[in-house]
Structures are given as structure tokens and as C-alpha cells.
Amino acid sequence: MTRSAADDFKLLVEAIADPLVACDGQERIVHLTPPAERLLGWTNEELRGRPFTLLVPQRLHHVDGCPLFHYLLDRQPLRGGCPMLLPLQRRGGEELLLEVTAGRAGQDEHQRLVLSLRRVPESPSFTPEPFAQDVSLQLWHDGHASATRPFSAADRLYQAIIENAPLGILHFDKTPVITLCNDYFVRIIGSSKRLLIGLNLLTLRDEQIMSCVRATLTGQHTYYEGNYASVTAQKVTPVRVHFAPCYDEHGQLNGGIGIIEDVTVQRRMEEERATQSALVDTLLRTAPIGMAFLDSHLRYVRVNDMLARMNGKPADEHIGCRPREILGPGGTKLEQVLQDVLETGKPLEHLEMNSRDFYEDGPVHHWASSLYPVRGKDGRLLGIGAIVEDITERKAAEQERARLYREAQEAIRVRDDFLTVASHELKTPLTPLSLRLASLERRLEQGEPADPSSLRHARQHLLRLTALINDLLDASRIESGGLALHPQPTRLDALTEHVIRVTEGTHGAEHRIAFHPSSTPLQVLGDPYRLEQVIANLLENALKYSPDGGTIDVALEPRDELALLSVRDPGIGIPADQQQHLFERYFRARNVSTHSYGGLGLGLYICRDIVERHGGRIWVESEVGRGSTFYVALPTLQQKQGSLEQASEHSVH
Ligand code: ADP
């Protein structure tokens, strides 16, 4: 062949994409195409002129007693040109499983033997040859197989296990090129087996994987977890990989394996779990009710914001602590209750506690707790769940409701009592009045003169009736906005004296009324009619509640800028606990009913209203069985001037 013809041949073979190895008739290598150089790890220059067997594992130099190349050439036509599976040796000794097609061209010294190589595709296009099964299996043995080694049942089992393992498995040599992988790995990566076998792991884009492989080739076990992005399949797969080094029979590291787990489902489950957990977490944290979980040693494991607020400590500070460490000595009581729940395994609901169980001071808070055992799926007791509700407001509302109910009941009772008393009081003067009038009528019919004492008595009963009705009207006026007042400068001493005179005239002789006037005249700005009503009422009560007669002392004296009127009687007195209620509407002291004195319980109520609207004050000092003294203090005219002028604008008519 001329030089130009050789160049042409070279150009021709280099244009072929599949790796080619060309040899001369003596099976010496003449040329390697660049893909073949890359595949086998040798350069053209290094191999030119060297025997073809350099590329063939020792055990396959002869097959069936025939040199390998000749065996291939002889078999090729019989196989109809189908490729055969043959392991070739890369530089360094690693074996590479390839589909090969052998061809021959030229004669004698120009004879060329050509071997076309192809990586093993996913669907093999070769038919098994004796060496094909032998070489494919030797890879499962980490390169330790020999030509003499039989293809055992154990080998088949081993292969079956790897092919059917629910994990991706790959083997790589020292270079590190993938020499073998199972279908699961192919599925995970999403490439074809043909592309994966022979792929150099150091050409991957993922630096993390590459550093794992490098470390594995120094004898370490390495682990990778991440999203593997396949360049060829445009596919991203979340994977977890364990890389382990492999050794030959001399203990020399000759590559490694990778065990790949597709963690897509786990990832999805983890994400779902994380979402669920975030959801539960948010619910727990923001729930408007206190919640906690304590482990079986009664230590807080989770505490939500609301409970943390109730306990007055941040949620984080609870974790790992027992209740007594958070709530102080009072927490011991709670721990006992929690321990009971743990021991009995029975929930405890609506347990009421209040802040006094834990703290001595501070505002009182009430809580209702439900404590229940929490078990795992296997029924094992994990701890206690606690739900705590702040029921302070509810309690307060309940108490308020109870108070209002009591008051309403009391008001109904008072009203009923009043109606009974009022009807009785109104009826009492009617009977004698009617009798007096009947007797008067009889006398007049019989032509007898009218008895003036009968007429006087009849008139007194009428006056009594009128007074009762006036009291009722006054009380209702007070309730609906106040009595009409017509203030004017009034001499209190003269007014008192007048009332005493009138009273003496209408009452029997069993009482004496002693008046102790002030040394100087006392003038107030007031409604004389209403002030007279006050003095008369006090005087009448003094007489009424002093059944054994005696002296009623009425005194009037100046006290600073006040006029102080007192009415003292030697009567039945008023129990101490009743005195504060005397001036309430319808109130009648307990000891009155036992003595059966008539009255509606309105007089003092009206008195207080009149006195207070004059800017004054009314009160009593009394002792049961020894009598009572009622006091009325009114501002004298000079003092009163200013305040009454103000008050008169809206309350004086
Ligand atoms: P009434 O006398 O019509 O019952 P009052 O309002 O005038 O109503 O008095 C209220 C209550 O105060 C009386 O029912 C009585 O129990 C008590 N009270 C008033 N004055 C005296 C008094 N001088 N001595 C004892 N108790 C009195």
C-alpha cells in the first residue's frame, strides 16, 4: 500500500463512528480509531505493531484450541454477521464487555483483520458464544474469574438476585467506568444501558457524586443523597447511594460498586409528613386553648403558646421540665394528678383548678383541664396530653348570673312582702273609718247629734290613709326621677318646733317630747314642706317604735357650717346588722315584725332622698332595747348657697 493509500484507509476508518481495531495478518495492531482509543484507554502510537492479544484477557487468547481472532473470523459467517459478546482488556487490565464483529480484507501481507466494537446495548444483538457467558459472569465476581471457572448455579443465582434487587446496582472499574449495571439502575437514571455501560463516572456533572466515587477508589465507603439530574433523559430523581470499594483476589482495589435507592416515594412521604406536621404544629401552636404533651416521666415535650401564656413562661422553657419546675410548689399537686392518669390509664376530664393552687398572690384565674393518656400504635403509653381552658371569665359570668338571680329573687320577695304589707296597711284604717261613719249615720238618722270624737277619729284614719298613699306616690316619684323641691330660706328651729307642736296634738299622752333648740336661729335653704315631712317622719317613728312611752328628745344645734337635728327615743332600737339597710326602699327591721308595728318601709327612704337632695346627710345610732337616735345634718344657708344653686338647675322643681 502506498503512503497515500494508507492515509486514505486511515481517514476512512476514522470516519466510522463505532470503535474499530485494525490488525495485520499476524494479528498485530495496525490502527485504532479515536473512539476505540477512548474506549480501550490506549493510544494508536502505544499499540501500533503490538499483538492484538494485548487487548484480550489471557484466558481467551485461544477458544476451542483456536487463536481468538481466527475463531472470530471463522464464526462470523456462520452467525450471519451477528455480533458476538467479548470482553476486551482496557489499559490497566479492566475488562470491558463489548459486542464485536470481526472482518477480513486484502491478501497476504496486505491482509487486514478488522474488529468493530460496540458497547453492550440494553437489548443485546449478540448470540451467546462460549466466551460470552464466561466473560459476562466474571464481572459479577469482581474480575476474579478465570477461563477455567465454570458458570455455576450459584453464579446464576447471584446474577438473578442482582437483576431483581429493588435497588439500582452498578459496578465501576478503577478508571472509573461503569462496567455493569442492573435494569433497576437503568430505570432510575432514565438512560439506556448502552449509554451507561462504559460511562466514566468522573464525567458526571454532579461534583458530589464524583467526590464519593473518588473517595471509594481510595478504599472508603461513601454515601450520597440528592437529586440526580440525568443529562440524557432530562430526568431528576431523588436518590440515596452507597458506594463501596471492590478488591481483587490479591486484595488490590480494582473498582467499586454503587447501590442506588430511588427515594422519590420516601421523599414524597417525608414531604407529606412535614406538611402534616406543620399543619398540626400550626393548629397546636395557635389554638385558642392551652395544650401540652408530657412524656411518661411527666416532662413537658410540647407546649403551645396559649398554655405558655397561662403558665407565664415561654413555651421553650417548658421543654424537658416537670410541672413543679414551671409552676412552683403548686405544680406538685398537678404532678400527683398526672401520675394517677399514668397509673390508671384513665382520662380525667373537667378538672378545675385556680391560680391559688399555684400562687399566693396575683389575680385569681380559674382553669378547667382535661388530662388523657396518649398511646402509640402498639398501645404503649407514651405520656399525657393536656388541654387547659381558662374559665376565669366564664366563672365570673356564672357568679354574676348567680348574684343577679339572687337579687332578682330578693326583689321578688321584697315586692311580694311589700304588697302584703301595703294591702294590710291600706286596709287597716278603712275598717274603723267605716265603723265611725256608720255610727255617725245612725246617730244622725235617729236625730242624735254627731259625736265630735268619732268625727275626729274618722278624720285621723283618713289622714293615715292619705299619708300612706302620699308615701307610695313619693316613693314612685323618687324612683322615676325625684321629688319636686321648692327651696327657700327656711328657719329650721321654727320648723322643728312647729312639727313638734302638731305631733303632740295628734298623739296620746304616753310620750313626752322635749325640744332642745339651738341658742341661735338656724337657717337653711330648703323646701319647708319636704323638710317638715322629714322631721315629722322621724318624730312619728320615734313615737311608734317606743311602745313603753317615755321622752323623745329633739335637739337642734349648729355644727361647723351645718345644722344638726337629732331625734332620740327610748324605744326598741335597731339590730346593728340592719342599720345600714334602714334607708332602703321597703326595708323594715327584723324586730319590727315581731312587735307588729304598721308601716310600709318607705318613710326613711323618702327622708334620705329629701335630705341628700338638700346637700345633707341622714344616719342613725341605735342599740336594741335601748332606743335610737336619728341625725340629720343640713348645710346652713351660707354654706348651702353655692351647692344648692347648682343642684336646683336639674333636680329642684
Ligand atoms: P316604716 O316605719 O313605715 O316601716 P320607715 O322607713 O319609716 O318605715 O322605717 C323603716 C324601718 O326602720 C322601720 O320598719 C323600723 O324597722 C326601723 N325604724 C325606723 N325608725 C325607728 C325607730 N325610731 N326605732 C326603731 N326602729 C326604727
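Start with the cavities: there are 4 of 30 Å³ or more. A cavity here is a set of points on a 1 Å grid over the protein atoms alone where a 1.4 Å probe fits but cannot get out, and lining residues have an atom within 4 Å of a point. Grid points are joined across faces, edges and corners, and a volume is the space filled by probe spheres set on the points.

Before you click on, note that this is a predicted model, where local features need pLDDT of at least 70, side-chain atom pairs count only at pLDDT 80 or more, and totals for chains, interfaces and linings use all residues. Residues are numbered from 1 along each chain as its sequence is written, and side-chain values use heavy atoms, with hydrogens and water left out.

**Stop one: the largest cavity.** Select Leu-307, Asn-311, Leu-327, Leu-334 and Val-388, which lie nearest the centre among its 17 lining residues. The space inside is about 220 Å³. Its lining has 15 nonpolar, 2 polar and no charged residues (Ala, Val, Leu, Ile, Met, Phe, Trp, Tyr, Cys and Pro count as nonpolar, Asp, Glu, Lys and Arg as charged, and the others, Gly among them, as polar).

**Stop two: the second largest cavity.** This one holds about 150 Å³. Pick out Phe-185, Ile-189, Leu-204, Ile-209 and Tyr-228, the closest to its centre of 15 lining residues. The lining is 15 nonpolar, no polar and no charged. β11 gives the largest share, 3 residues; helices (H or I, at least four residues) and strands (E, at least two) are DSSP runs, numbered from the N terminus.

**Stop three: helix α16.** Select 430–445. Buried means under 20% relative accessible area, exposed over 50%, and partly exposed in between (1.4 Å probe, protein chains only). Just after the helix, Gly-447 has a positive phi of about 75°.

Leu-298, in the loop between β13 (290–295) and β14 (300–303), has a positive phi near 60° without being a glycine, and is buried at 1% relative accessible area. Tyr-586 also isn't a glycine, yet its phi is positive at about 70°; this residue is partly exposed at 25%. Finish at Thr-175 and Pro-176, joined by a cis peptide bond with omega about -10°.

Conventions
On a 1 Å grid over the protein atoms alone, a cavity is a set of points where a 1.4 Å probe fits but cannot get out, and a pocket is an open set with protein on both sides within 12 Å along at least five of seven lines; lining residues have an atom within 4 Å of a point.
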